[in-house]
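Subject: Structure for your review

Dear colleague,

Please find below the structure that I would like to hand over to you.

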Amino acid sequence: MRHRLLLALALSTAAPALAQVHQYGGLAISAGGDRLATIEGPGGLRGHAAITIRRASDGAVQRQIDPCAKCGYAGLIFGPAGELAFVAREPGAATAQLIVADANGATHTLATIPGLASTPRFSPDGKRIALLVTLGAAKETGATQAGVRQIGEIGEKSDEQRLAVFPVAGATTVVTPISPADRFVYEYDWLPDGTGFVVTSAPGNGDNNWWVATLDAVDATTGAVRNITRPATQLNFPRVSPDGRTVAYIGGLMSDNGSVGGDIWTVPVTGGAPTDITAGQPVTYLSLDWTAGGLRAVSLRDDRMEIGAIEPGRAPARPYYSEAVSLGAGEGRAAFSADGRSAATVAQSFTVAPAIHAGPLAALKPVTRDNAAATPVVSARSITWKSDQYNAQGWLLGPATPPAGKAPMIVNVHGGPSAASTPRFVEHGPASELMDQGYYVFLPNPRGSYGQGEAFTAANKRDFGGGDLRDVLAGVDAAEKAAPIDDARLGLTGCSYGGFMAMWANTQTNRFKAIVAGAGLSNWISYYGTNGIDQWMIPFTGKSAYEDHKVYEDMSAVYHVAKARTPTFIYVGERDIEVPPTQSIEWWHALRNQGVEASLVIYPDAGHCVSRPDQAADVRARQLAWFNKYLAK
């Protein structure tokens with residue numbers, strides 16, 4: 001169930017791109033560590049933004065690459081000879097282009113794909129480029145995207161994302177994938193000898209089966225698939241060692257494809273049982289690379305993101321980088337040179353605008369100043385507290401100028417539940433409107449979140465809304481000790497799993513005086529039978545709703561609605577695969593039946609958490625009005 005990593009803030013949904021702050025996306029670093037490539041521009045990265053090539057030592061702009069005036073760009077990757085590959089696609093177009101720019105910026109289209117394309121990667125010798133393609137795609141890739149309408153005969157037909165390989169010297173409109181037509185490939189890495197790939201993949205529906213994906217090898221010539229291991233966890237970031245003998249990956253309890261977190265595991269390329277080489281550490285690994293200098297990883301420890309080297313069989317060394325920021329603007333949280341000695345990332349906090357940090361691992365420094373004039377418009381502090389046997393952490397945001405008296409506070413619970421609220425710069429506009437009106441906003445990371453290690457992430461198995469709600473309420477107590485917050489004027493919001501928590505909390509406590517629930521789950525029994533990603537539940541509950549209905553009933557708000565008292569605004573997308581709108585309808589009906597004031601808006605053609613800018617703006621306006629109605633003095 002999709003997280004909404006994070007700045008949901010006042011929104012509980014995706015916001016429009018920021019209006020003024022210069023944004024950096026798709027960050028890539030050259031093999032020698034001397035050049036950077038980004039997709040960047042003022043006002044955010046929706047729609048069209050040019051590719052910028054910078055010198056890594058000081059961030060100086062060397063050139064811009066922009067071969068398609070209407071296209072969005074993605075998947076930036078440098079080749080061993082300094083060329084740059086990327087995917088270009090006009091909004092809503094039925095085709096995508098794989099484009100290569102040489103070291104001087106001259107571009108040529110290598111392939112035109114009739115469908116979707118992502119994640120280009122050069123072969124080790126630089127003569128070929130692999131690409132994930134979805135031919136004739138019926139929808140955008142991912143379960144958070146709006147699904148196809150469920151009309152006519154319903155079955156298991158779905159898009160397949162497959163591997164294709166193209167020679168760098170040439171151009172083609174004929175795309176012949178090499179991986180099997182019945183298998184969805186999620187991620188991949190080349191074998192060092194160029195004979196094949198290590199992939200995470202699963203047969204059947206790509207939206208649903210990521211939770212049971214396996215680690216496999218795919219032959220680059222025949223497309224034959226050989227299983228390497230069937231992990232007991234979800235997995236991301238498969239990376240092959242330079243000698244081709246070992247695969248490393250991040251494995252853990254993950255609730256969303258794309259919300260990566262867990263331990264680092266290794267397994268022989270030939271197959272076998274994987275080994276957790278970071279077991280027991282109070283940290284969550286978020287991204288991974290295997291360079292000639294060894295494993296490099298980005299992790300989250302409490303409120304700090306770290307960049308470090310991983311030595312199998314040894315205790316983790318002191319990280320090269322550790323700051324209370326968010327990192328990442330490309331495929332991973334950081335990009336590394338081929339030898340692993342240099343890195344680049346995009347760092348930002350709630351009060352410091354994004355900047356590219358680059359340089360030697362032990363001396364990363366800001367190299368861009370596009371946002372030097374951006375000033376903080378909110379206050380922010382990290383809050384820690386004890387709940388049961390756990391240490392928990394969250395972020396408290398408030399008005400830049402402290403209020404004269406006690407102020408209301410909105411608690412925003414992130415989705416997932418396997419995710420974390422991490423800093424994103426806030427400027428005047430949609431993300432600051434609650435603080436602009438005098439509210440505090442509290443972003444808790446209760447058990448089930450990343451940042452405290454795998455045991456903490458797994459602590460809400462079969463206990464949704466139990467211990468994690470206790471953590472949230474204890475966090476509210478901690479926030480009230482840290483700032484002048486009026487306990488009589490508390491609001492609660494969240495989307496996806498956060499929407500579930502907003503619905504569920506209404507039946508467990510009367511502490512909140514107004515609630516906004518986005519794409520929430522009200523009845524886990526009916527949800528299991530109607531959602532498009534039922535596989536995600538099994539790692540958390542152990543069994544399907546048909547085999548163990550009681551655990552699903554016990555955490556369903558509809559079974560406890562008689563205790564609900566708090567007025568609730570509910571919103572959801574009409575074509576939400578992850579949490580169908582029927583869940584919101586069921587909760588709205590239950591609240592109305594109990595005489596609780598409730599409002600429900602279903603947004604046409606929208607997917608999970610309603611991300612289209614005009615619709616998201618309507619959500620924000622309604623949410624702000626709802627909180628003002630019930631939390632004003």
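Predicted model: local features only at pLDDT ≥ 70, side-chain atom pairs only at ≥ 80, totals over all residues.

Helix H3 covers residues 467-482 and helix H4 covers residues 497-505. H3 is built from 16 residues, and the distance from its first C-alpha to its last is 23 Å, close to the 22 Å expected at 1.5 Å a residue.

How do the axes of H3 and H4 cross? They come within 11 Å and cross at roughly 80 degrees. Angles from 65 to 115 degrees count as roughly perpendicular, so H3 is roughly perpendicular to H4.

On the H3 side, the residues that meet H4 are Asp468, Leu469 and Val472. Their partners in H4 are Tyr497, Met501, Trp504 and Ala505. Sorted by type, the residues of this contact comprise six nonpolar, no polar and one charged.

H4 is mostly covered, with nine of its nine residues buried. Among them are Gly498, Gly499, Phe500, Ala502 and Met503.

The two serines

Ser123 belongs to the loop between strand S9 (115-122) and strand S10 (128-135). Is Ser123 buried or exposed? Its relative accessible area is 2%, so Ser123 is buried. A polar atom of the Ser123 side chain lies 3.3 Å from the backbone nitrogen of Lys127. When neighbours within four places in sequence are left aside, Ser123 is in contact with Arg128 and Trp190.

Ser287 is located in strand S20, residues 284-291. Ser287 counts as buried because its relative accessibility is 2%. Which backbone nitrogen lies 3.2 Å from a polar atom of the Ser287 side chain? It is the backbone nitrogen of Arg333. With neighbours within four places in sequence again set aside, the contacts of Ser287 include Phe237, Ile250, Arg296 and Ala297. Val298, Gly332, Arg333 and Ala334 are also in contact with Ser287.

Backbone geometry

Phe237, one of the residues in contact with Ser287, has a positive phi of about 55 degrees although it is not a glycine. Phe237 is placed in strand S16, residues 234-240, and it counts as buried because its relative accessibility is 6%.

Asp302 likewise has a positive phi, near 55 degrees, and is a residue other than glycine. Asp302 sits in the loop between strand S21 (294-301) and strand S22 (304-310). The relative accessible area of Asp302 is 36%, so this residue is partly exposed.

Finally, the peptide bond from Gly416 to Pro417 is cis, with omega near 15 degrees. Pro417 lies in the loop between S31 and helix H1 (433-436).

With kind regards

How values were computed:
Residues numbered from 1 in each chain as written. Heavy atoms only, no water. Axes fitted to C-alpha atoms, helices over the stretch in contact; angles between N-to-C directions. Helix = DSSP H or I, 4+ residues; strand = E, 2+ residues; numbered from the N terminus. Parallel < 35°, antiparallel > 145°, perpendicular 65-115°, else oblique. Contact = heavy atoms within 4.5 Å. Nonpolar A, V, L, I, M, F, W, Y, C, P; charged D, E, K, R; others polar. Buried < 20%, exposed > 50% of the residue type's maximum accessible area, 1.4 Å probe, protein only. Polar contact = N/O pair within 3.5 Å; in protein donor to acceptor, adjacent residues only side chain to side chain. Expected span 1.5 Å × (residues − 1).
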